[in-house]
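Trainee: Could you go through this fold with me? I would like to ask about the sheet and then the helices around it.

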Amino acid sequence: MGWLGRDLNPRITDWAGRWVWLVGASSGIGRALAEALHGQGARVIVSARQAAALQDFAQAHPGSLALPLDVTDAQAVQQAAARVAEAAGGMPALVLFCAGHYKAQSATAFDLAEMQRHLAVNYQGALHLLDAVLPRLLAAGQGHLSLVGSVAGYRGLPMSLAYGPTKAALNNLAESLYLDLRPRGLGVSIVNPGFVETPLTAQNAFRMPALITPEQAAQAMLQGWAQGRFEMNFPRRFTRWVRLLRGLPDAWYFALVRRATGA
């Protein structure tokens, strides 16, 4: 194992002919990653609620499969996993959970329904996927499971009351999964992007430092899997500083965030 975080997982450098299932691939990072993997020869299965967007992708990328899915529906996720296993002749080499919901929220305008929507999509959706694929992955003794979190999950942030906690949960979940599954032959990784130009971030009214494109995010993820990383965070010129904030004393952290955001 490398002390820089490399080789914590088996390296994936050759995607040719490998099946991958990307859940949350109708737009943004998921869509860009689907295109990048298809370009490297992978057999891509794309899932999301937007059936038309998925069908457009499948028509433009021969050999791929569109599988519409609402991750909040546990039974539908089970049925989708069975279809994926049938199409791929077993479990794919990669299962990625990239589904997400985001709306800025402050405690001064608490919206329980919105909080629950974030929880249902961002976290419970991941649990539904795990429930459907873990028995199959364990039986196969191989494959890679990846969750897309966010640097917003590192520590509390203004206007992130609904979103941040769900991403913090995914980070903790991924660490626990890694400890349990890596000895069983499975790879596990967590992806923590900074600001990426997607339909979700388009609603932000504030300046987003080090904003990158979904295509750049996809390349960073491919590089991370090729290096066997557990965590991928990018762009590094931004996320390395955000990671450092996790180790600050609480008083320093709160004062720094208030000063930076005017909160």
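Trainee: What is covered on strand 7, one face or both?

Mentor: This is a predicted model, and in it both faces of strand 7, residues 231-234, are covered. Glu231 and Asn233 are buried on one side, while Met232 and Phe234 are buried on the other.

Trainee: Which strand does strand 7 pair with, and in what sense?

Mentor: Strand 7 pairs with strand 6, residues 187-193, and the two run in the parallel sense over four bridges. If you look for Phe234 in strand 7, you will find Pro193 standing opposite.

Trainee: What holds paired strands together in general?

Mentor: Strands of a sheet pair through backbone hydrogen bonds, and the pairing may be parallel or antiparallel.

Trainee: And what is the strand order in the whole sheet?

Mentor: The sheet is open and has seven strands in the order 3-2-1-4-5-6-7, with parallel pairing. Its edges are strand 3, residues 65-66, and strand 7, each of which pairs on one side only.

Trainee: How many bridges join strand 2 and strand 3?

Mentor: There are two bridges between strand 2 and strand 3, again in the parallel sense, and Val46 stands opposite Ala66 of strand 3.

Trainee: Staying with strand 2, is Val44 buried or exposed, and why?

Mentor: Val44 belongs to strand 2, which covers residues 43-47, and Val44 counts as buried because its relative accessibility is 0%, where the cut-off for buried is under 20%. Leaving aside residues up to four places away in sequence, Val44 touches Val20, Leu22, Ala34, Leu37, His38, Phe57, Ser64 and Leu65. Gly63 is 19 residues from Val44 in sequence, and their C-alpha atoms are 7.4 Å apart in space.

Trainee: Where does Leu8 sit?

Mentor: Leu8 is in the segment before strand 1, which spans 19-23, and with a relative accessible area of 21% Leu8 is partly exposed. Although Leu8 and Phe230 are 222 residues apart along the chain, 5.9 Å separates their C-alpha atoms.

Trainee: Changing topic, which strands does helix 4 lie across?

Mentor: Helix 4, residues 112-140, lies across strand 1, strand 4 and strand 5, and runs at about 160° to strand 4. Helix 5, residues 163-181, lies across strand 5 and strand 6, running at about 160° to strand 6.

Trainee: How do helix 4 and helix 5 cross?

Mentor: Their axes come within 9 Å and cross at roughly 15°, and since angles under 35 degrees count as roughly parallel, helix 4 and helix 5 are roughly parallel to each other. Helix 4 passes helix 5 in a right-handed crossing. Among the residues in the contact are Leu119, Leu127 and Leu134 of helix 4, together with Leu170, Leu173 and Leu177 of helix 5. By class, the contact of helix 4 with helix 5 has 13 nonpolar, three polar and one charged residues.

Trainee: What about helix 1 and helix 6, at what angle do they cross?

Mentor: Helix 1, residues 28-39, and helix 6, residues 214-226, have axes that come within 8 Å and cross at roughly 60°, which makes helix 1 oblique to helix 6. That crossing, too, is described as right-handed. The residues of helix 1 that meet helix 6 include Ile29, Leu33 and Leu37, and their partners in helix 6 include Met221, Leu222 and Trp225. The residues of this contact divide into eleven nonpolar, two polar and one charged.

Technical notes:
Residues numbered from 1 in each chain as written. Predicted model: local features only at pLDDT ≥ 70, side-chain atom pairs only at ≥ 80, totals over all residues. Heavy atoms only, no water. Axes fitted to C-alpha atoms, helices over the stretch in contact; angles between N-to-C directions. Parallel < 35°, antiparallel > 145°, perpendicular 65-115°, else oblique. Left-handed = near helix turned anticlockwise from the far one by under 90°. Contact = heavy atoms within 4.5 Å. Nonpolar A, V, L, I, M, F, W, Y, C, P; charged D, E, K, R; others polar. Buried < 20%, exposed > 50% of the residue type's maximum accessible area, 1.4 Å probe, protein only. Pairing = 2+ DSSP bridges.
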